[in-house]
Structure formats: C-alpha cells, structure tokens
Amino acid sequence: MKNFKMPIKSNLKSRISTINNAFAISIIPYVPPQEEVLEEYYNELKIEPKQCGYCLTKGAKTVDHIFPVVKDGLPFGYLTDINNLIPCCKDCNSKKGGKLFKDWYKSKENIKRLKELKLNETTINERYNIISDYIKKHEKQYDFEKIIGKEKWDEFVRRKNKMTELLEDNQKFCDELNEIIWNYIIGSNAN
Ligand SMILES: [Zn+2]
C-alpha cells in the first residue's frame, strides 16, 4: 500500500518483551550522577557532553548502558549509573543493542560502519582502548539473586513468567473475539 499509511496494529502479545524488560528494570537501582564527578567522567572517556562515546558524533541523543542491564529477560547485575553509562547516538545505540562492548565494537560490521563515519583505524583503536580502560576501572556487576535471597528471586522469576502467560492467554481470548466480530462484519456486508 503506497498511498495510505495504516496505524500500527497493537496487541498484548507485542507488549510481552516490553513488559518483561520493565519487570527486570523495576528492580535495578537508577542513580543520577553527582555534578562533581562529571568533569572527570568526560576526561576519562575523552568526549564532550552529548558526544557519542562510540563514534564521536556530536549532539548524541541517547545514553547507552555499557553493559546491558537486562540479559535473557533477567536483570544482569549492572546498574543504571555513571559507571555503566555513555552518551550515544541513536545509530550506535540501536546497532549495539544488547551486545557486550568487547564483542561489538571491533566486529567486522561495526568497523566498516565506523569507517563510513570517517573514523580511521587509529581513532577506532583509541576509542576501543579508552572505553575498555573505563570498563576495567568502573565495572561492577552485582549478584541480585544473592542480595535479595533465592526465595524472593525465584518469586520474582515466577511472577514475571506468570505475567507473560497471562498476556498470552488474554491475547488468545481477544483473538477469538476479534474473529467473531470480523466474521459478523463480513457476514453483514454480504447481505
Ligand atoms: Zn555513535
């Protein structure tokens, strides 16, 4: 359909991963940085405020978690804090996705992409080393299961899975109703 844009068809099932993510994110501490640490932070990463830490584009609109806070649907043990955040352009953010920095940054596709953005080999290696050093110095992964105890952790997982099942089950029921309504409409238009 070239000349007409339909609205996005939203349903419960398409929300499952969003809700799963929100479930995980809800238990993860969110810590805005103290003003005093920012100068050192930008010095260490050798970027200006709002400059993408990965490709050096200025006016970066997003912030990336260096280590993803959610992995395989569960909290990964990293926080939303300055030790784990880097200003990031939209393109780098979506290309990195849930990958680990060390697996992603010097991958073939990413090097190709960075070169298209006019970063040369030396700059790419420099960026890689600067961010790797930052990670070495600041990385901190917590064992949330240990902190909250196995019983509460298991309950967390159980509740999350139950939410998914509930959404799937309700989706099935709604699909049934949708079909009845659609059949009615086709039938009444046939008369
Ligand atoms: Zn970028």
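Biologist: Why is Ile28 called partly exposed?

Modeller: This is a predicted model, and in it Ile28 has 19 other C-beta atoms within 10 Å. A buried residue needs 20 or more and an exposed one has 12 or fewer, so Ile28, with 19, counts as partly exposed. Its place is in the loop between helix 1 (16-25) and helix 2.

Biologist: Which residues does Ile28 contact beyond its neighbours within four places in sequence?

Modeller: Ile28 is in contact with Val69, Pro75, Leu79 and Thr80. For Leu79, which is 51 residues away along the chain, the C-alpha atoms of the pair are separated by 6.0 Å.

Biologist: What makes Lys46 partly exposed, and where does Lys46 lie?

Modeller: Lys46 has 14 other C-beta atoms within 10 Å, and because that value falls between the limits of 12 and 20, the residue is partly exposed. Lys46 lies in the loop between helix 2 (38-45) and strand 1 (62-65), and just after helix 2 it takes a positive phi of about 50°, although Lys46 is not a glycine.

Biologist: Which residues of helix 6 are buried, and what puts them on the same side?

Modeller: Arg127, Ile131 and Tyr134 are the buried residues in helix 6. They cover an arc of only 50° around the axis, and therefore they lie on the same side of helix 6. An α-helix has 3.6 residues a turn, so residues three or four places apart point the same way. The cover over the buried residues of helix 6 includes helix 2 and helix 4 (101-104), while on the other side of helix 6 the exposed residues are Glu121, Thr122, Asn125, Asn129, Asp133, Lys136 and Lys137.

Biologist: What makes you say that helix 2 is hardly covered?

Modeller: Among the 8 residues of helix 2, the count of buried residues is 0.

Biologist: Which residues make up the largest nonpolar core?

Modeller: The largest nonpolar core has 9 residues in all, namely Cys52, Tyr54, Cys55, Ala60, Ile86, Cys88, Cys89, Cys92 and Leu114. Leaving out residues up to four places away in sequence, Cys89 touches Cys52, Cys55, Thr57, Ala60 and Lys61.

Biologist: How does the radius of gyration of the protein chain stand against that of a compact globule?

Modeller: For 191 residues a compact globule would have a radius of gyration near 16 Å, but the protein chain has 22 Å. Its C-alpha trace spans about 70 × 55 × 30 Å along the principal axes, and buried residues make up 13% of the 191 residues.

Biologist: What are the secondary structure elements of the protein chain, and in what pattern do they follow one another?

Modeller: The protein chain has 8 helices and 4 strands, and read along the sequence the pattern is α-α-β-β-β-β-α-α-α-α-α-α.

Technical notes. Residues numbered from 1 in each chain as written. Predicted model: local features only at pLDDT ≥ 70, side-chain atom pairs only at ≥ 80, totals over all residues. Helix = DSSP H or I, 4+ residues; strand = E, 2+ residues; numbered from the N terminus. Rg over C-alpha atoms; globule rule 2.2 N^0.38 Å. Arc of directions from axis to C-beta. Contact = placed C-beta atoms within 7 Å. Core = buried A, V, L, I, M, F, W, Y, C linked by C-beta atoms within 7 Å.
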